[in-house]
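Welcome, and thanks for taking a look at this one with me. Below are some notes to read alongside the structure.

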Amino acid sequence: MPRPRSESARQAVLEAMRAALSSSGYEAVTIEGLAEVAGVSKQTIYRWWPSKAAILGEALLEGELPGVELPMTDDLTADLRALFTVQDDGETVALARALIAVTATDPELGARLNERLAAPIREWTAERLTRGVAAGDVRADVDAGVVADELIALGSYAALLGVGMDAERVEKMSELVVRGIATC
């Protein structure tokens, strides 16, 4: 019969993951490093989590999320460019790939993570499109939830492939989205 989790040890591992993300980034995180910082054995970590991605998922569900400033200007295309650029820094790509792995192996955790992590983009999209409709730039029949899903999907697909979104790609994607939702 496996030993039950020690809540203090579990919290120490999750805190070690959050600290490692802040200081070194996801790619630099190792199970050995987490064990050392948390004061637990590697075996304890492997007994409780199947991968460092699973630890990341749990740490993000329970901890504070890093704040991301999303633009809100009068230029919809520029705001989309900035959104795609925010999604494309190396650390964000590494985190996104890890979260995709978590979702693939643990759909329930993946659904909870998606709900939490996608919320800021969904809220930004709803507000940005509401402003666009009021300004006459965006059609009133555009569904903000569908657009948010597409924006998230574009960033997730690039992360899954491990390819960056260079300036030309960001420009083309932004223009494509705007053409699809514009009033004229």
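Leaving aside neighbours within four places in sequence, which residues is Leu56 in contact with?

1. Leu56 is in contact with Met17, Leu21, Tyr26, Leu95, Ala98 and Leu99, once its neighbours within four places in sequence are left aside. Contact here means heavy atoms within 4.5 Å. Before going on, please note that this is a predicted model, where local features need pLDDT of at least 70, side-chain atom pairs count only at pLDDT 80 or more, and totals for chains, interfaces and linings use all residues. Residues are numbered from 1 along each chain as its sequence is written, and side-chain values use heavy atoms, with hydrogens and water left out.

2. Leu56 is also one of the residues with the most contacts inside the largest nonpolar core, which has 30 residues. A nonpolar core is a set of buried Ala, Val, Leu, Ile, Met, Phe, Trp, Tyr and Cys residues joined through side-chain atoms within 4.5 Å; buried means under 20% relative accessible area, exposed over 50%, and partly exposed in between, with a 1.4 Å probe and protein chains only. Two or more residues come from each of α1 (7–23), α2 (31–38), α3 (42–48), α4 (52–62), α6 (90–105) and α7. Helices are DSSP runs (H or I, at least four residues), numbered from the N terminus. Apart from this core lies another, of 17 residues, including Leu129 and Val147.

3. Now for α8, which covers residues 144–161. Its 18 residues reach 26 Å from first C-alpha to last, close to the 26 Å expected at 1.5 Å a residue (1.5 Å times one less than the number of residues). Its buried residues are Val147, Ala148, Leu151, Ile152, Gly155, Ala158 and Ala159. Seen down the axis of α8, they fall within an arc of 135 degrees, so they line one face of the helix; the arc is that of the directions from the helix axis to the C-beta atoms.

4. Do look at both ends of α8. At its start, a side-chain oxygen of Asp143 comes within 2.8 Å of the backbone nitrogen of Gly145. After α8 comes Gly162, with a positive phi near 75 degrees.

5. Thr125, in helix α7 (residues 107–135), counts as buried at 1% relative accessibility. Not counting residues up to four places away in sequence, Thr125 touches Ala144, Val147, Ala148 and Leu151.

6. Finally, Ala182 sits in the segment after α9 (167–181) and is buried, with a relative accessible area of 16%. The C-alpha atoms of Ala182 and Val142 are separated by 9.0 Å, though the two are 40 residues apart along the chain.

Notes
A polar contact is a pair of N or O atoms within 3.5 Å; within protein, one must be able to donate a hydrogen and the other to accept it, and residues adjacent in sequence count only if both atoms are side-chain atoms.
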